[in-house]
Amino acid sequence: MTRRRLWTSPGRETGAVLIGRLPVDEQVDALRAALARNEVLMEVLARAAKLGLPGWYLTAGCVFQTVWNVVTGRPPAEGIRDYDLFYFDDSDLGWDAENEVIQTGAHVFRDLPAVVEIRNEARVHLWYEDHFGVPCEPYTSTEAAIDSFAATTCCLGIRVDRDDRWRIYAPHGLADVFNLVVRPNPVLAPRSVYEAKARRWREQWPELTVLPWPEHAGDVP
């Protein structure tokens with residue numbers, strides 16, 4: 001069955017068009033409009049801005065899965081397991097410093113119907129190999145961490161600056177997100193991680209087109 005993700009732009013004589021074929025600035029407008037329909041995400045975003053964490057982004061599943069829900073006609077927050085809040089602080093790589101931020105966040109988000117996972121991306125290299133089986137070089141920024149997600153579709157982060165200006169980090173663009181395409185990103189995470197995530201996503205969103213892991217990349221980068 002052909003799926004048509006449509007967006008009606010008031011300034012366009014052609015009317016409804018495929019979102020993934022819009023100019024980038026209009027795709028950004030469509031992204032913001034889609035995310036605004038997830039009231040939980042918008043509240044997490046607003047409260048996260050007040051924490052003042054260095055280099056922070058709300059990222060990964062809560063962002064692109066909100067878009068998937070909107071363009072497939074589902075409730076905006078359906079199937080979203082948690083809301084990933086990344087920040088970058090390499091001034092103290094001890095667990096106690098990160099845990100203090102996590103506990104502060106637990107208080108800030110305590111009344112929301114969502115799990116907000118806060119992680120300092122400056123510390124990821126300390127535990128990544130134990131968890132995923134491959135070594136991880138220290139990240140230099142939150143953006144570098146987002147670049148390493150297992151699928152390019154995941155590489156999407158948003159935040160609101162102090163002047164209420166949105167910052168959107170999308171190194172692979174937005175077309176795949178709106179077109180429901182899951183594309184591998186074989187730069188760090190092993191093949192098994194990508195395929196496990198893709199299987200789980202297809203169970204929740206069967207409309208997805210999942211592209212195979214490239215054979216030349218092997219099982220791990």
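Visitor: What share of the contacts in the protein chain with a separation of 6 or more comes from residues 24 or more positions apart?
Guide: Such residues account for 68% of them, a contact being heavy atoms within 4.5 Å. This is a predicted model, in which local features need pLDDT of at least 70 and side-chain atom pairs count only at pLDDT 80 or more, while totals for chains, interfaces and linings use all residues. Residues are numbered from 1 along each chain as its sequence is written, and side-chain values use heavy atoms, without hydrogens and water.
Visitor: How many helices and strands are there in the protein chain?
Guide: The protein chain has eight helices and nine strands. These are DSSP runs numbered from the N terminus: helices are H or I with at least four residues, strands are E with at least two.
Visitor: And how much of the protein chain is buried?
Guide: Of its 221 residues, 48% count as buried. Buried means under 20% relative accessible area, exposed over 50%, and partly exposed in between, with a 1.4 Å probe and protein chains only.
Visitor: Which residues are buried in helix 4?
Guide: They are Glu 98, Val 101, Ile 102 and Gly 105. These four lie on the same side of helix 4, because they cover an arc of only 100 degrees around the axis, judged by the directions from the helix axis to the C-beta atoms.
Visitor: What do they pack against?
Guide: The buried residues of helix 4 pack against strand 4 (83-87) and strand 5 (116-120).
Visitor: Which exposed residues are on the face turned away?
Guide: That face of helix 4 carries Asp 96 and Glu 100.
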